[in-house]
Each structure stands twice: as C-alpha cells, then as structure tokens.
Amino acid sequence: MARATERLVICIANSGYEVSLERRKIYVAIADAPADKLGLIRVIDESGSDYLYPKESFVAATLPQ
C-alpha cells in the first residue's frame, strides 16, 4: 500500500529525459513541497532513484483499487 506522500503519475512528455522517462508509463511521485513551488515533481524514474522533473511532463493517474 502506498504511503500518503506518494501518488501515481503518467509521463506525457520526456523531451530531454528520454533515457530516464518513458512516455505513457506510470511512475510513483513523492511529495516534495519545495520542488512543487518551483514547478517540479519528484519521481522515481527508470534508474529506481528519485529525481526532479518538470511538472508539465506528468498528469495524475487515478486508478480503481
């Protein structure tokens, strides 16, 4: 079960991050208030580590339980 600080997002653009992100793939995003204020989102990418990416590259994923 995901922690309250995590949510699912879908990558809609990976320009400049082709090695780290796959378009149309679901990723886990981690809450990061300072990054959010800068227009960034913290995502666990293909490397398995969390990095900051532009928020506009993702949309929230709502999935049934």
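This is a predicted model: local features need pLDDT of at least 70, side-chain atom pairs count only at pLDDT 80 or more; totals for chains, interfaces and linings use all residues.
Me: In what order do the elements of the chain run from the N terminus on?
Reply: From the N terminus on, the order is β-β-α-β-β-β, where helices (H or I, at least four residues) and strands (E, at least two) are DSSP runs numbered from the N terminus. Residues are numbered from 1 along each chain as its sequence is written.

Me: Which residues make up the largest nonpolar core?
Reply: There are nine of them, namely Val9, Cys11, Leu21, Tyr27, Ala29, Ile41, Val43, Tyr53 and Phe58. A nonpolar core is a set of buried Ala, Val, Leu, Ile, Met, Phe, Trp, Tyr and Cys residues joined through side-chain atoms within 4.5 Å, and buried means under 20% relative accessible area, with exposed over 50% and partly exposed in between (1.4 Å probe, protein chains only).

Me: What does alanine 29 touch?
Reply: If residues up to four places away in sequence are not counted, alanine 29 touches Thr5, Glu6, Arg7, Val9, Ile41, Arg42 and Val43, with contact meaning heavy atoms within 4.5 Å.

Me: New topic: where is arginine 24 found?
Reply: Arginine 24 sits in the loop between E1 and E2, and its phi is near 70°, a positive value in a residue other than glycine.

Me: Is arginine 24 buried or exposed?
Reply: Arginine 24 counts as exposed because its relative accessible area is 65%.

Me: What about glutamate 56, where does that lie?
Reply: Glutamate 56 lies in the loop between strand E4 (50–54) and strand E5 (58–60), and with a relative accessible area of 60% it is exposed.

Me: Which residues is glutamate 56 in contact with?
Reply: Leaving aside neighbours within four places in sequence, glutamate 56 is in contact with Ile12 and Gly39. The C-alpha atoms of glutamate 56 and cysteine 11 are separated by 9.1 Å, although these residues are 45 residues apart along the chain.

Me: Last one: what share of the residues in the chain is buried?
Reply: Buried residues make up 23% of the 65 residues.

How values were computed:
Side-chain values use heavy atoms; hydrogens and water are left out.
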